[in-house]
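User: I have a model open and want to go through the fold with you. Can we start with what packs against what?

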Amino acid sequence: MPIVAQSTETTDWVSRFADEVIEESERRAPGKPVVVASGLSPSGPIHLGNLREVMTPHLVADEIRRRGYQVRHLISWDDYDRYRKVPAGVPGVDETWAEHIGKPLTSVPAPKGSPYPNWAEHFKAAMVESLAELGVEFDGISQTEQYTSGVYREQILHAMRHRADIDAILAQYRTKKAPAKKQQQKPVDEAELEAAEGSGAAAEDDGSSGSAGYFPYKPYCGNCEKDLTTVTSYDDDSTELTYSCTSCGFSETVRLNEFNRGKLVWKVDWPMRWAYEGVVFEPSGVDHSSPGSSFQVGGQIVGIFGGKQPIGPMYAFVGISGMAKMSSSKGGVPTPADALKIMEPQLLRWLYARRRPNQSFKVAFDQEIQRLYDEWDRLEAKVADGSVLPADAAAHSRAVRTASGELPRTPRPLPYRTLASVADITAGHEDQALRILSDLDPANPLTSLDEARPRYDKAEAWINTHVPADQRTIVRDEPDTELLKSLDEQARESLRRLLDGLADNWSLDGLTHLVYGVPKVQAGFSPDATPKELPAEIKTAQRTFFALLYQLLVSRDTGPRLPTLLLAVGQERVRTLLGE
């Protein structure tokens, strides 16, 4: 049965799973390496929902390695699955790819312009690169290689001999309809990335059921390569198998003990692999909890192969801000590579480590990423000063290092929102960016942008790819003389106070104190007065003052944080634009 971790203050979910997996592994295969598994289908972009299929066992495997045990984390590339449909929005792919539907993914051409030999390798490559950046250690297994080299031949023959037993198990569910799933309302900006497709849970039939009976094996056609085939006869003694193809009309008779161009159907293939590899731990998507699901049926079929069902949690969906519901066979889905362009690997690892598998969460590609980074930086500060809670410390540790060592990190991790603002304002001019960032802390200036990398590059990529053009910041070239002439005396006084304090407060902290302090001083309060000491109208005065500055500097009512904006514009230009 699946195991579910419950939160405590002293132990994180990863440690508790590691305890159970070690205990179960010692019971099943004492003294042997612990085997955990993931499955990914390169049927299209391998997205951030699929990543949970990998990160859950990775984090558990890494904890077990930290304790000194040998672990194998298998990633089965389901590249011998059938090509089911042409995904929308994939560059270099058009409607002509529909002619390949039914072929193995490794027999489908890669998108036009791809350097890879086939469809599966094209989509695997990006994921392999992302997993390396995330510090995920794994043993990759190509199911095309396993099947076409005859590795599973004995398992296939065994399944064919026991086809009546398999059919009887599947029949228990064929007559039952799964209860209708209750639809839950979700925020309109949340996209669910369904990880089930990435673990091979494709919409396949249970096997070949023709006039000759049930068979858990599908040959790929020797003429058109498609799996639109039906087994018409099979002899257990000689292993002679005859099939016909409903796509092209081809038929042939082969000996299954010599034939390597076909595969077990998914609901038989998955439990066969559990037994063959000795998998102890493998998570699965929440859709596998339904009656007749691959995981539930596999728990019965695995016994036919002499194995046991792995333990492992059902994991919840991963949400993406601002996108429609997606699955891996559709184009335009955000992938780990997309996320790693705008966030450091530590942050992405943390998102998967800090939530129990049965908790859903969102990966932010919108403004929310700034809040996530603020939260991460606060966590880093608590770790540094020793005030962090144990479970948070564990999630942080799993984010920044693996059993093999620390992940590369930014030497000077300046606030992400500040870096994004600077990248926005400077529009790719690195000398200007360095000037501004050096002024953030004059006592300890940045000497090279490399000190702020890769975080700076991630923030710049976010600005360039995820912030709409109408929200980008463009500093005025000339003062807004009409607006300056129309100001009343109070507004002019607020500008004078700001300009008078620029030189003495030219740092991030100094300008923060200055811009918030001007409305306080104008109202007769100390610039150091706290919000509790101030009347509510001071906040209104601050908002009015800030809107005026934005209008004079960037012709908008809002923009990047004012202290950062002022540093970016530079003292001389600020003085000019504010009418000095």
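User: What covers the buried residues of H14?
Analyst: The cover includes helix H13 (416-426), helix H15 (455-466) and helix H20 (562-569). Contact here is heavy atoms within 4.5 Å. Helices (H or I, at least four residues) and strands (E, at least two) are DSSP runs, numbered from the N terminus.

User: And which residues of H14 are buried?
Analyst: In helix H14 (residues 430-439) they are Ala433, Ile436, Leu437 and Ser438. Buried means under 20% relative accessible area, exposed over 50%, partly exposed in between, with a 1.4 Å probe and protein chains only.

User: Before going on, where does the model come from, and how are residues numbered?
Analyst: This is a predicted model: local features need pLDDT of at least 70, side-chain atom pairs count only at pLDDT 80 or more, and totals for chains, interfaces and linings use all residues. Residues are numbered from 1 along each chain as its sequence is written, and side-chain values use heavy atoms, with hydrogens and water left out.

User: Fine. Which residues of H6 are buried?
Analyst: Arg163, Ile166, Ile169, Leu170 and Tyr173 are the buried residues of H6. They cover an arc of only 130° around the axis, which puts them on the same side of H6. The arc is that of the directions from the helix axis to the C-beta atoms.

User: Why would that spacing give one side?
Analyst: An α-helix has 3.6 residues a turn, so residues three or four places apart point the same way.

User: What sits over that side of H6?
Analyst: The cover of its buried residues includes helix H5 (153-161), strand E6 (213-215), strand E8 (229-234), helix H7 (266-277) and helix H8 (294-301).

User: How far apart are the end C-alpha atoms of H6?
Analyst: They are 16 Å apart, which agrees with the 16 Å that the twelve residues of H6 (residues 163-174) should span at 1.5 Å a residue. The expected span is 1.5 Å times one less than the number of residues.

User: Sheets next. What is the order in the one with E8?
Analyst: That open sheet of three strands runs E8-E9-E10, with antiparallel pairing. Its edge strands are E8 and strand E10 (251-255), each pairing on one side only. Two strands pair if DSSP finds at least two bridges between them.

User: Which sheet has parallel pairing?
Analyst: An open sheet of three strands, in the order E1-E2-E3, has parallel pairing. Strand E1 (34-40) and strand E3 (139-142) are its edge strands. E1 and strand E2 (residues 71-77) pair over seven bridges, with Gly39 bridged to Ser76 in E2.

User: Last topic, the whole chain. How many helices and strands?
Analyst: The protein chain has 21 helices and 17 strands. Of its 580 residues, 53% count as buried. The C-alpha trace spans about 100 × 55 × 45 Å along its principal axes.

User: What share of the contacts joins residues at least 24 apart?
Analyst: Among contacts between residues at least 6 apart in sequence, 71% do.
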